[in-house]
Amino acid sequence: MSIQLDFPAVLERWPSFLGGAVLTLELAALATVLGALLGTLAAVGRGTHSALIATACRIYVEAIRNTPLLVQIFLVYFGLASLGLKFSAFTVAVAALTINVGAYTAEIMRAGFEAIPRGQIEAAEGLALSRVQIYWHIILLPAVERVYPALTSQFVLLMLASSVCSQISAEELTAIANYIQSDTYRAFETYIIVAVLYVVLSLVMRAGFWGLGLVLFPRRRRLGTPL
Amino acid sequence: MQQNAFSSEPIVSLRDVQKSFGPLKVLDGVSFAVDRGEVLAIIGRSGSGKSTALRCIDRFEKVDGGEIVVCGHRVDRPDVNLRALRQDVGIVFQSYNLFPHLTIEQNIALAPCAVKKMATGQAKELARKVLAQVGLEEKLHAYPEQLSGGQQQRAAIARSLAMQPKVMLFDEVTSALDPELTGEVLKVIEQLAADGMTMVMVTHEMGFAKSIADRIVFMHRGKVHETGPASILTSPTTPELIQFVGTGNLKS
């Protein structure tokens, strides 16, 4: 048995591949920023004294973590459509991915919040800082620093998982690959190229998070020690 | 030190304070008062309730009964303005509790900027000033983990001072330090006392309490057993204090 690979036939479509890769990156970047925000708020919400807010956040997190991403995407896609709301596939994809990664972010951030020693909060309270100021100045960054590897892995995972958005015809990398392979009948070559492109995207994201870490955690940059 | 003629009100006063953790009664009718410029030391065995009494002053513990007035704030009432109270009261903890992700300068400047809305430049100037007061001006840009325990505790005192509190609370601030480092922290507290700062300290350093405190409160099982000038340590009257100073606690 021999495999005959014909990459040139597929590679002449490289502008399409590139467009798909860029769209995947945009999708991931948007969902990462919005999901980090949503997840952090949900983590704060789970720690509030209001039972209503805490329960709502808990239901959100558990509902998302116990259902498949593809089903969530369809729910958003058809849900909005049945409400008579028309959005582009890209918008729906961003919304669904944000909701999805927000739930995982909430769990990771909650672990980060819980790792803040009680004494830190008492010291801040003793200095008359308000609840919001304590979260902003004392809790948030040290919490993020502690869970940063878990958090960034989750966001890279989200970028990879965004390939299922091909199911609602968002023109991201996997959807583009599906078109190209059905056009050229060179499925194996197409998906090898796509796999390599996903690896490149992952490396780009990891490099980005590494750089962001240098900006966010000046203490670690200077001393090189964990918190 | 004598209280000022124009203010007869004590800065801190506790009257018949009650506090339980579950079935355990930790404060059982505690009363004492601290006048302006006075240094009060609370002593007693571990578990006598002395730390809890101190924490009640800054409302880190809610009391079950009795009355606490601190700088005019009714601390025992549920509607007390916590942030106003804590601008008047500085507290220093046994475990320093500096913010590890911030430099010493940022640790000190944070509350003046965030709470008092001080301009950044002015807050940095203030940080330099209070740090010089505790002899650490060269550590302005260091992170807490780069400092020794004694230096961290002095930085924590400077952080409290930057808020210009009317009274400072010290909760066993040298208990985590070895004797050598204890000395440098006690020297800072001594200087504060000489400058006229009103202070309440829970301490195990009997020699220090004796030399610095205007008044000593001895607590045992949630009750104040003896109150008076430092001389009560050399001539105790209650059997509990006689036993306490007799068991080697009094070394200077």
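Reader: How many helices and strands does chain A have?

Author: Chain A has ten helices and zero strands, a helix being a DSSP run of H or I of at least four residues and a strand a run of E of at least two, numbered from the N terminus. Read along the sequence, the pattern of chain A is α-α-α-α-α-α-α-α-α-α. The C-alpha trace of chain A spans about 70 × 50 × 30 Å along its principal axes. The model is predicted, with local features needing pLDDT of at least 70 and side-chain atom pairs pLDDT 80 or more, while totals for chains, interfaces and linings use all residues. Residues are numbered from 1 along each chain as written, chains are lettered from A and ligands numbered from 1 in the order written, and side-chain values use heavy atoms, without hydrogens and water.

Reader: Why is α6(A) called oblique to α7(A)?

Author: The axes of α6(A) and helix α7 (residues 131-161) of chain A are 10 Å apart, and the two helices pack at an angle of about 130°. Angles under 35 degrees count as roughly parallel, over 145 as roughly antiparallel, 65 to 115 as roughly perpendicular and the rest as oblique. α6(A) is therefore oblique to α7(A).

Reader: Which residues of α6(A) and α7(A) meet?

Author: Q120(A), I121(A), A124(A) and E125(A) in α6(A) meet R131(A), I134(A), I138(A) and I139(A) in α7(A), contact meaning heavy atoms within 4.5 Å. By class, this contact of α6(A) with α7(A) has five nonpolar, one polar and two charged residues.

Reader: What makes α4(B) and α5(B) oblique to each other?

Author: The axes of helix α4 (residues 120-133) and helix α5 (residues 149-161) of chain B come within 9 Å and cross at roughly 130°. By the ranges already given, α4(B) and α5(B) are therefore oblique to each other. In this pair, V130(B), L131(B) and Q133(B) of α4(B) meet A155(B), A158(B) and L161(B) of α5(B). The residues of that contact are five nonpolar, one polar and no charged.

Reader: What is the volume of the largest pocket, and which residues lie nearest its centre?

Author: The largest pocket has a volume of about 790 Å³. Its lining has 28 residues, of which V33(A), A36(A), L37(A), T40(A) and V144(A) lie nearest its centre. By class, the lining of the largest pocket has 23 nonpolar, five polar and no charged residues. At least two residues of this lining come from each of α2 (14-46), α5 (89-114), α7 and α9 (187-216) of chain A.

Reader: How many charged residues does the lining of the second largest pocket have?

Author: The lining of the second largest pocket divides into eight nonpolar, three polar and six charged residues. The volume of the second largest pocket is about 520 Å³. Its lining has 17 residues, of which G47(A), T48(A), R131(A), Y135(A) and I139(A) lie nearest its centre. α7(A) gives the most to this lining, with four residues.

Reader: Which residues line the largest cavity?

Author: The lining of the largest cavity is A123(A), G126(A), L127(A), I91(B), V92(B), F93(B), Y96(B), A156(B), R159(B) and S160(B). The elements that give two or more residues to this lining are α6 (118-126) of chain A together with β6 (89-92) and α5 of chain B. The largest share, three residues, comes from α5(B). The largest cavity has a volume of about 60 Å³.

Key:
Axes fitted to C-alpha atoms, helices over the stretch in contact; angles between N-to-C directions. Nonpolar A, V, L, I, M, F, W, Y, C, P; charged D, E, K, R; others polar. 1 Å grid on protein atoms, 1.4 Å probe; cavity = no way out; pocket = protein on both sides within 12 Å on 5 of 7 lines; lining within 4 Å. Points joined across faces, edges and corners; volume = space filled by probe spheres on them.
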